[in-house]
Amino acid sequence: MDAIKFFHQEVTQKKDYPEFKAGDNVTVSYKILEGTKERIQAYRGEVIQRKGSGSTQTFTVRKISNGVGVERVFPLFSPSIDRIELNKRGKVRRARIYYIRDLKGKKARIKEKRVLTAEPAPTNA
């Protein structure tokens, strides 16, 4: 039992990804093996959902490719994921935004969440 706990801690602490949730726009860089060669491919899109807990977490990313919606499910702690970049924070009210699948064009856009930064006010002295 201790070996399982150790493996679980090692897997979950190994990766340091940014905090993201449904509605956020992310770029997932993952490794692809082609024969003996290995390359990294980027997949950019909106996060539709996050599912699971611990080392079995997955997240689904949706993008539009040549006018067709493409969704891909990634295991969060997969060794084939090189890195995850957070591009935009989305403003949504649901944890799973499946309704995006039925929307097209401007209706399918997700509003960007404004993030307040602590910046000192300019002084006119």
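Me: Let's start with Arg62: which residues does Arg62 touch, leaving out those up to four places away in sequence?

Reply: Contact means heavy atoms within 4.5 Å. By that rule Arg62 touches Gly45, Glu46, Ile48, Gly69, Val70, Glu71, Ile100 and Arg101. Before we go on, this is a predicted model, where local features need pLDDT of at least 70, side-chain atom pairs count only at pLDDT 80 or more, and totals for chains, interfaces and linings use all residues. Residues are numbered from 1 along each chain as its sequence is written, and side-chain values use heavy atoms, with hydrogens and water left out.

Me: Is Arg62 buried or exposed?

Reply: Buried means under 20% relative accessible area, exposed over 50%, and partly exposed in between (1.4 Å probe, protein chains only). Arg62 has a relative accessible area of 13%, so Arg62 is buried.

Me: What polar contact does the side chain of Arg62 make?

Reply: A polar contact is a pair of N or O atoms within 3.5 Å; within protein, one must be able to donate a hydrogen and the other to accept it, and residues adjacent in sequence count only if both atoms are side-chain atoms. Here the side chain of Arg62 pairs with that of Glu71 at 3.0 Å. Glu71 is also the bridge partner of Arg62 in E4.

Me: How do E3 and E4 run, and how many bridges join them?

Reply: Strands (E, at least two residues) are DSSP runs, numbered from the N terminus, and two strands pair if DSSP finds at least two bridges between them. Arg62 lies in strand E3. E3 and E4 are antiparallel, with 8 bridges. They form a hairpin with 2 residues between them, and Asn66 in the turn has a positive phi of about 55°. Gly67 sits in the loop between E3 (58–65) and E4 (68–75). With a relative accessible area of 70%, Gly67 is exposed.

Me: In what order do the strands form the sheet?

Reply: This open sheet has 5 strands in the order E4-E3-E2-E1-E5, with antiparallel pairing. E4 and E5 (81–88) are the edge strands, each pairing on one side only. E1 (residues 25–34) and E5 share 6 bridges, and Val28 has Ile84 as its bridge partner in E5.

Me: Which residues touch the most other members of the largest nonpolar core?

Reply: A nonpolar core is a set of buried Ala, Val, Leu, Ile, Met, Phe, Trp, Tyr and Cys residues joined through side-chain atoms within 4.5 Å. Among its 15 residues, they are Val28, Phe59, Phe74 and Ile84. E1 gives the most to this core, with 4 residues.
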